[in-house]
Amino acid sequence: MTSSYDLPDTIPVFPLPGALLLPRARLPLHLFEPRYLAMLDDVLKTPSRLIGMVQPYDAPGKGGKLHSIGCAGRVTAFSETEDGRYMITLAGMSRFRITQEVEGFTPYRRCNVSWQGFDRDLGPVERDDSFNREAFMEALGRYLVDQGLSTDWESLGEAEDELLINSLSMLCPFAPEDKQALLEAPSLTTRRETLMTLIEFALRGGSGEEVMQ
C-alpha cells in the first residue's frame with residue numbers, strides 16, 4: 001500500500017476548472033496544449049507518474065491563483081491520437097495541500113506539496129454507515145431529470161457507497177467552487193452530505209449551468 005512517504009514533495013499541477021479527481025477514482029483527460037504534452041512527457045519519466053489536479057480561482061482579480069487543496073492522480077493509461085493529442089487516465093491517489101509554487105523553466109506549473117492530513121486517502125475504501133441510499137437515489141433521480149441527464153441505474157444501484165458518491169461528485173455539473181467543497185470534505189459521510197445539499201439546492205432552482213468536464 002502506498003504511504004505518504006512514497007509521494008514526492010514536488011509535483012506538476014494541472015489547473016482545470018470544474019474537473020474533480022478523488023482518491024481511488026479515475027479521471028479521463030484529453031491533453032492537447034503543448035505545455036501539458038510536455039508535462040506528460042516529463043511525468044512518464046518519473047517513478048510516481050503523478051499529476052496534481054487543482055481548481056484555479058475564477059474570480060476577477062485572482063490572476064491564476066490556485067486553491068490550496070488538490071488531488072494527485074497516477075497516469076495509468078494513455079494513448080496518442082493521429083494529430084498528436086493524448087487521452088490519459090488518472091487514478092486518484094491522495095489529496096495534497098500546496099505549500100509553495102515552484103519557479104522554474106518548465107512550461108507547466110509545479111508546486112511543493114504536503115500530504116499530511118490526508119492519510120485516509122491512502123487507506124482502504126471508505127464506508128458511509130449512515131447512508132440512506134433509498135432517499136438519496138430518489139433525490140438523484142429527480143435531479144437528473146431536472147438537469148436533462150441520464151445514467152446507468154443498474155450500475156449505480158450495484159456500486160459501493162464510496163464509488164457511488166465519488167463518481168457522482170466528479171460527474172455532476174456543479175460549479176467549480178462546489179466541486180472544491182466536495183474535494184475538501186474530510187470524510188465520505190461529509191462528502192455525501194455536501195452532495196445531497198447541492199442536489200437539493202439545484203432542485204429548488206439553484207444554478208446548474210456549469211459544464212461537465
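Which residues does Ala91 touch, not counting residues up to four places away in sequence? I opened the predicted model with that. Ala91 touches Ala25, Arg26, Ala72, Gly73, Arg74 and Thr76.

**Entry: Ala91**

I placed Ala91 first. Ala91 lies in strand S5, residues 86-102. I then looked up its accessibility. Ala91 counts as buried because its relative accessibility is 12%, and the cut-off for buried is under 20%. I also checked Thr76, one of the contacts of Ala91. Thr76 and Ala91 are 15 residues apart along the chain, and their C-alpha atoms are separated by 6.5 Å.

**Entry: nonpolar cores**

I turned to the nonpolar residues. The largest nonpolar core has 47 residues. Phe14, Ile51, Met53, Phe136 and Leu140 touch the most other members. Leaving out residues up to four places away in sequence, Phe14 touches Leu29, Leu31, Tyr36, Met39, Ile51, Gly52, Met53 and Val54. I also found a second, separate core of 14 residues. Val13, Ala72, Ile98 and Leu122 are among its members. Ala72 had already come up as a contact of Ala91. In soluble globular proteins, nonpolar side chains tend to be buried together.

**Entry: helix H4**

Is H4 mostly covered or mostly open? I found H4 mostly covered, with eight of its 11 residues buried. The buried ones are Asp161, Glu162, Leu164, Ile165, Asn166, Leu168, Ser169 and Met170.

I took H6 next. H4 spans residues 161-171 and H6 spans residues 188-203. Their axes are 10 Å apart, at an angle of about 45°. That angle makes H4 oblique to H6. H4 passes H6 in a left-handed crossing. From H4, Asp161, Glu162, Ile165, Asn166, Leu168 and Ser169 take part in the contact. From H6, Leu188, Arg191, Arg192 and Leu195 meet them. By class, I noted four nonpolar, two polar and four charged residues in this contact.

**Entry: positive phi**

Most residues other than glycine have a negative phi. I looked up two residues against that background. Arg24 has a positive phi of about 70°. Arg24 sits in the loop between strand S1 (10-15) and S2. Arg24 counts as partly exposed because its relative accessibility is 29%.

Where is Arg49? I found Arg49 in the loop between helix H1 (34-43) and strand S3 (50-54). Arg49 has a positive phi of about 50°, although it is not a glycine. With 25% relative accessibility, Arg49 counts as partly exposed.

Conventions. Residues numbered from 1 in each chain as written. Predicted model: local features only at pLDDT ≥ 70, side-chain atom pairs only at ≥ 80, totals over all residues. Heavy atoms only, no water. Helix = DSSP H or I, 4+ residues; strand = E, 2+ residues; numbered from the N terminus. Buried < 20%, exposed > 50% of the residue type's maximum accessible area, 1.4 Å probe, protein only. Contact = heavy atoms within 4.5 Å. Axes fitted to C-alpha atoms, helices over the stretch in contact; angles between N-to-C directions. Parallel < 35°, antiparallel > 145°, perpendicular 65-115°, else oblique. Left-handed = near helix turned anticlockwise from the far one by under 90°. Nonpolar A, V, L, I, M, F, W, Y, C, P; charged D, E, K, R; others polar. Core = buried A, V, L, I, M, F, W, Y, C linked by side-chain atoms within 4.5 Å.
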